[in-house]
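Please open the structure in your viewer and keep the selection panel at hand.

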Amino acid sequence: MRFTDTLPTPSAEALAHSEQLARRIRTAITANAGSIPFRDFMQMALYEPGLGYYVAGSHKIGKEGDFITAPEISPLFSQCLANQCAQVLTTLGGGDILELGAGSGLMAADILAHLENIGCLPTHYWILDLSPELRERQHQTLQKHVPHLLERVAWLDRLPDTPIRGAIVGNEVLDAMPVDVFTLVNNERVIRHVATADDNFAWVNVDGFYTSEFNPALPAWLQSMADSLAAGALLLIDYGYEENDYYRPERSSGTLICHYQHRVHDNPLIYVGLQDITASVDFTAVANAGLDAGLMLAGYTTQAAFLANSGLEALFIAALQARPENQYKLAQQVRTLSLPSEMGERFKVIALCKGFTSELQGFTLGDQRHRL
Ligand SMILES: C[S@@+](CC[C@H](N)C(=O)[O-])C[C@H]1O[C@@H](n2cnc3c(N)ncnc32)[C@H](O)[C@@H]1O
């Protein structure tokens with residue numbers, strides 16, 4: 001992934017789509033006296049019905065899309081997560097898995113295939129995604145990889161009415177939630193707004209030297225997670241930092257970035273509906289919101305440590321023995337998932353539990369809860 005100031009030009013069709021969404025955002029801006037909080041802009045850019053980045057038709061995740069995620073890099077990632085889910089399900093004497101924001105559906109397929117191999121299938125595998133286009137793709141992926149397990153999979157339109165016993169998992173879901181951007185003025189947070197400027201969008205100016213962001217929806221979202229869990233673990237994987245690191249003085253422009261065709265840049269006000277907009281996760285805020293919602297903080301560590309604790313080495317050896325010709329490819333996948341310079345330390349895993357007090361195996365070594 002390259003940080004860039006030059007981007008490929010979208011097709012005429014893509015630009016027309018973007019213009020349609022831009023018109024709708026301009027209407028919202030006009031209706032709100034000339035500007036909207038960035039949070040609302042991001043909500044519309046990503047999730048405006050029929051037009052937003054995640055709800056309209058483009059490919060998004062994977063080689064032909066805009067960015068790649070851990071489950072797309074290697075099945076070993078999902079198998080490790082499956083091992084952690086297996087421990088939860090076994091301890092509870094069975095149960096369900098709910099996956100949030102399931103992307104292409106590959107993680108669901110690989111988790112189910114691995115749980116079948118180790119004799120620990122969940123009764124149901126629920127998927128909750130905000131994107132109708134991705135739901136269709138998820139169905140196709142599961143149909144291709146694990147057709148015989150499709151009967152256990154069901155898509156939800158909202159969180160389950162009856163709280164589940166088992167595991168709720170989400171990879172890179174938190175970073176796709178709209179954030180408020182703020183600039184410090186006399187040590188007070190001034191929430192940043194977006195206005196129109198000719199045919200484009202522009203930030204409403206605020207004078208200050210420190211800009212960052214936060215996710216205002218976290219408390220309500222974690223409360224809804226806690227309400228959806230009767231017993232078990234919520235496992236969230238994402239890139240981000242603890243509060244001290246997130247808001248350190250040198251990080252004075254925040255963490256907001258955009259992905260377009262495997263390029264990374266920092267202007268969320270262009271290519272509306274065509275590019276991903278994302279902010280790093282403040283894991284301290286996630287932990288605090290979870291605790292306030294009645295969950296127990298059961299673990300926090302780097303992706304590298306979580307994968308190592310969850311059996312990565314044994315899974316790697318098994319994959320190698322099954323397909324020795326894949327040695328280079330598999331080693332490369334492990335490096336990408338685990339090396340500190342790749343995803344290993346930038347990505348973290350947090351576990352929040354309810355009615356579940358056993359130590360989670362994914363956090364036995366290298367637990368960093370004390371840093372939150
Ligand atoms: C960056 S993608 C990650 C997809 C996938 N988990 C992966 O790792 O490839 C973010 C996904 O989260 C979904 N999403 C965002 N907010 C959500 C929410 N509140 N509930 C469920 N899904 C959500 C989006 O629709 C999108 O599918």
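**First stop: the ligand and its surroundings**

Select the ligand together with D129: an oxygen atom of the ligand is 2.7 Å from an N or O atom in the side chain of D129. Note that the model is a predicted one. How much of the ligand does the protein bury? Taken alone, the ligand exposes 600 Å², and the protein buries 95% of that area.

An N or O atom in the side chain of T69 is found 2.6 Å from an oxygen atom of the ligand. Then select G101, where the backbone takes part: one of its N or O atoms lies 2.7 Å from a nitrogen atom of the ligand.

Now widen the view to the whole shell. There are 18 residues around the ligand, and Y47, T69, G101, D129 and N171 come nearest. What kinds of residue form this shell? Twelve are nonpolar, four are polar and two are charged.

**Second stop: pairs of helices**

Leave the ligand and turn to the helices. Two packed helices are described by the angle between their axes and by the distance between those axes.

Select residues 12-31, which form helix α1, and residues 38-47, which form helix α2. These two helices pack at an angle of about 155 degrees, and their axes are 10 Å apart. Because angles over 145 degrees count as roughly antiparallel, α1 is roughly antiparallel to α2. The crossing of α1 and α2 is right-handed.

Move on to helix α7 (residues 218-228) and helix α9 (residues 283-292). Here the angle is about 50 degrees and the axes lie 8 Å apart; α7 and α9 are therefore oblique to each other. As α7 passes α9, the crossing is right-handed.

Finally, select helix α11 (residues 312-322) and helix α12 (residues 327-338). How are α11 and α12 oriented to each other, roughly parallel or roughly antiparallel? They pack at an angle of about 160 degrees, with their axes 10 Å apart, and are therefore roughly antiparallel. In this pair, α11 passes α12 in a right-handed crossing.

Notes. Residues are numbered from 1 along each chain as its sequence is written. This is a predicted model: local features need pLDDT of at least 70, side-chain atom pairs count only at pLDDT 80 or more; totals for chains, interfaces and linings use all residues. Side-chain values use heavy atoms; hydrogens and water are left out. A residue is near a molecule or strand if one of its heavy atoms lies within 4 Å of it. A polar contact is a pair of N or O atoms within 3.5 Å; within protein, one must be able to donate a hydrogen and the other to accept it, and residues adjacent in sequence count only if both atoms are side-chain atoms. Accessible areas come from the Shrake-Rupley method with a 1.4 Å probe; for residues, only the protein chains shown count as cover. Ala, Val, Leu, Ile, Met, Phe, Trp, Tyr, Cys and Pro count as nonpolar, Asp, Glu, Lys and Arg as charged, and the others, Gly among them, as polar. Axes are lines fitted to C-alpha atoms, for helices over the stretch in contact, and angles run from 0 to 180 degrees between N-to-C directions. Helices (H or I, at least four residues) and strands (E, at least two) are DSSP runs, numbered from the N terminus. Angles under 35 degrees count as roughly parallel, over 145 as roughly antiparallel, 65 to 115 as roughly perpendicular and the rest as oblique. A crossing is left-handed if the near helix is turned anticlockwise from the far one by less than a right angle, and right-handed if clockwise.
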